[in-house]
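Subject: Handover of a structure and its findings

Dear colleague,

Please find the structure below, handed over for your use. I would be grateful if you could read the notes that follow alongside it.

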Amino acid sequence: MAGIEIVPTGAALGADVVGLDLREPLGPEVVAQVQEAFHTHAVLRFRGQQLNKAEQVAFSRYFGEPVPHPTNTRDRDPEQPEITIISNIEENGKAVGALGNAELTFHADLVFLHTPGSISLLYCVETPTTGGDTYWSSGYAAYEALDEATKRQIANLGVVYVHNNPAYNPPTPPIHPLVCTHPETGHKTLFLSPNAAQRITGLPADAGRALLDQLYYHATEERFVWRHHWQPGDLIMWDNRCTLHRRDGFPQDQRRLMWRTQLLGPCTQ
Ligand code: OGA
Ligand code: MN
């Protein structure tokens, strides 16, 4: 084996994978090692990469089937439709990608779909000198830290998700379990994406809102969070089923360019 090294961040989640050139095909033992590290740490960072888009898609394929971004058709690369451009850069007055330079609050990707994002991969091509850091929080650690009464209270609740852009919403909104059992690790995780969580099924609106707020506050406490400062050549893959992420805004007069690939799959009860 090529002797890859897994170096945990020391935070509640996240690890560096050292010793891999992701342009090269990976042998089955290495793939198994990376998958195991992913299941343990939920977010993996591979630094110092030099990928082209086809190589990013090929790497993503070790973990499932990358799909063209289901709602963002505008920023798909026509040559490589599995790549979505995440950028603030404008050419001829037109944005070349999605999400601009804005701050993004904590969320899991594509949670407003019946089959939400499972794994997202983001590769950094260009990064600003200040701002644009990304943060992940651990749904496993957040769940574990709940008191037993709260665990019992939320065990069988579902959350209705609605995106604030109606164009993205399916005809009927999805309901995802508030506590999921991760399909690959078997661990329980809090699954709550505050950006699009509309209500809790079976609870009066006020009580549901209060519970969502309480759990959101809890799930994003600093003790469950890891902060990442990007360098060009960083590839990060994260598991939306057991993490949330957010990012800082950054100055619009600086360039940030990322390529993103997406796998889909639910976190089920
Ligand atoms: C995303 C996202 C974070 C970032 O692409 O889903 O949240 O750091 N991006 O740009
Ligand atoms: Mn996201």
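The notes below cover the pocket, the ligand, the cavity and the cysteines.

This is a predicted model, in which local features need pLDDT of at least 70 and side-chain atom pairs count only at pLDDT 80 or more, while totals for chains, interfaces and linings use all residues. Residues are numbered from 1 along each chain as its sequence is written, chains are lettered from A and ligands numbered from 1 in the order in which they are written, and side-chain values use heavy atoms, with hydrogens and water left out.

The largest pocket has a volume of about 760 Å³. A pocket here is an open set of points on a 1 Å grid over the protein atoms alone, with protein on both sides within 12 Å along at least five of seven lines; lining residues have an atom within 4 Å of a point. Grid points are joined across faces, edges and corners, and a volume is the space filled by probe spheres set on them. The lining comprises 33 residues, and Leu99, Leu104, His107, Asp109 and His163 lie nearest the centre of the pocket. Two or more lining residues come from each of β8 (98–99), β9 (104–107) and β19 (243–247); strands are DSSP runs of E of at least two residues, helices runs of H or I of at least four, numbered from the N terminus.

Polar side-chain atoms lie close to oxygen atoms of ligand 1 at 3.0 Å for Asp109, 3.1 Å for Arg247 and 2.6 Å for Arg260; a polar contact is a pair of N or O atoms within 3.5 Å.

A search of the whole structure finds one cavity of 30 Å³ or more, a cavity being a set of points where a 1.4 Å probe fits but cannot get out. The space in this largest cavity is about 60 Å³. Its lining takes at least two residues from each of β11 (134–138), α3 (139–144) and β19.

The structure holds zero disulfides, a disulfide being a pair of cysteine sulfur atoms within 2.5 Å. For Cys242, the nearest cysteine sulfur is that of Cys267, 7.3 Å away. Cys242 is buried, at 2% relative accessibility, where buried means under 20% relative accessible area with a 1.4 Å probe and protein chains only.

With kind regards

Key:
Buried < 20%, exposed > 50% of the residue type's maximum accessible area, 1.4 Å probe, protein only. Polar contact = N/O pair within 3.5 Å; in protein donor to acceptor, adjacent residues only side chain to side chain.
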